[in-house]
Amino acid sequence: MTGGWTADLLLGGIVLLGASVQRLAGMGFALVAAPALVLLLGPSQGVLLSNAASGVISVIGLVDGWRRVRLGAMVPLVAAAACTVPAGAWVAARLPQQVLLAGMGALVTAAVLLVIAGTRVPALRGSGGAVAAGAASGFMNSSAGVGGPALSLYAVNADWTVREFVPNAQFYGVAVNALSLLVKGVPRLTGPAWLLVTAALAGGAVAGRALGDHIPERGARRIVLLLALAGGLTTLAKGLWELTVT
């Protein structure tokens, strides 16, 4: 739960930024917003809100592209994620806050660097690769709020085009975030905070779509990844600092 209007306004700004970049680039809410939400709300509530908001913005994005979803490819990804979401929630509930911060920061930083590098992993091809990517993504989404990089790596190795990736990523985002919330529950926020989050999601969806007409997709994705890298490094540094002083 946030404390006061200043924190609530900051929360709304974080959600607005995350929603805007995901609507703009087809991915990135959790990568951009989750580290900041964790720093503001703490690991448990920050990840929960990241799951909830990312799921909602994925629903909004899916309205335009649901006809392009490849359900056959999504089944093994979602099924594998369903098996590991409870494990991620279990781990997150039992680790100290500073360990969670350091772990989440490390996961985000490593995942973003792998996506930036376009890493090719033979094991992430075919149905076996879908299961491996879905399992990794489900665990990361439930424990740290960032399941997208594993899906992105699978898409790179499966040679998906951007046109193929975006609607399928939105569909996967709806499914895996719903699973995470089903296992862990919903975020605990004040009434004003919920109003601001709702308004920020709506505003971000509109802003991101409008910006998409003026910003090249490659440039937008570069912005998302750089913001995510900055957030991951900041969260990692905070977690390591707290570990050294406790």
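How do the residues of the lining of the largest cavity divide into nonpolar, polar and charged? Keep that in mind as you open the viewer, and remember that this is a predicted model.

**Stop one: the cavity**

The structure holds one cavity of 30 Å³ or more, and the volume of the largest cavity is about 250 Å³. To find the spot, select Gln22, Gly28, Ser54, Gly147 and Gly148, the closest to the cavity's centre among its 24 lining residues. Now for the opening question: the lining has eleven nonpolar residues, 13 polar ones and no charged ones.

Next, colour the helices around the cavity. Select α2, α3 (43-65), α7 (148-157) and α8 (162-184), each of which supplies at least two residues of the lining.

**Stop two: α2 against α5**

Turn the view and you can follow α2 as it passes α5 in a left-handed crossing.

Show side chains for Leu31, Ala34, Pro35, Val38 and Leu39 in α2, which meet Leu101, Met104, Val108 and Val112 in α5. By class, this contact has nine nonpolar residues, with no polar and no charged ones.

**Stop three: α3 against α9**

Go back to α3, one of the helices that supply the cavity lining, and select helix α9, residues 191-211, as its partner. Here the packing angle is about 40°, and the axes are 11 Å apart. This crossing is right-handed.

On the α3 side, pick Leu49, Ala53, Val56, Ile57, Ile60 and Asp64; on the α9 side, they meet Trp194, Val197, Leu201, Ala205 and Arg209. This contact counts nine nonpolar residues, no polar ones and two charged ones.

**Stop four: α4 against α6**

Finally, select helix α4 (residues 71-94) together with helix α6 (residues 126-144). Their axes come within 6 Å and cross at roughly 35°, and the crossing is right-handed.

Which residues of α4 and α6 meet? From α4, select Pro76, Leu77, Ala80, Ala81, Thr84, Val85, Ala87, Gly88, Ala89, Val91 and Ala92. From α6, select their partners Ala130, Val131, Ala133, Gly134, Ala135, Gly138, Phe139, Ser142 and Ser143. By class, the contact of α4 with α6 has 14 nonpolar, six polar and no charged residues.

Key. Residues are numbered from 1 along each chain as its sequence is written. This is a predicted model: local features need pLDDT of at least 70, side-chain atom pairs count only at pLDDT 80 or more; totals for chains, interfaces and linings use all residues. Side-chain values use heavy atoms; hydrogens and water are left out. A crossing is left-handed if the near helix is turned anticlockwise from the far one by less than a right angle, and right-handed if clockwise. Helices (H or I, at least four residues) and strands (E, at least two) are DSSP runs, numbered from the N terminus. Contact means heavy atoms within 4.5 Å. Ala, Val, Leu, Ile, Met, Phe, Trp, Tyr, Cys and Pro count as nonpolar, Asp, Glu, Lys and Arg as charged, and the others, Gly among them, as polar. On a 1 Å grid over the protein atoms alone, a cavity is a set of points where a 1.4 Å probe fits but cannot get out, and a pocket is an open set with protein on both sides within 12 Å along at least five of seven lines; lining residues have an atom within 4 Å of a point. Grid points are joined across faces, edges and corners, and a volume is the space filled by probe spheres set on the points. Axes are lines fitted to C-alpha atoms, for helices over the stretch in contact, and angles run from 0 to 180 degrees between N-to-C directions.
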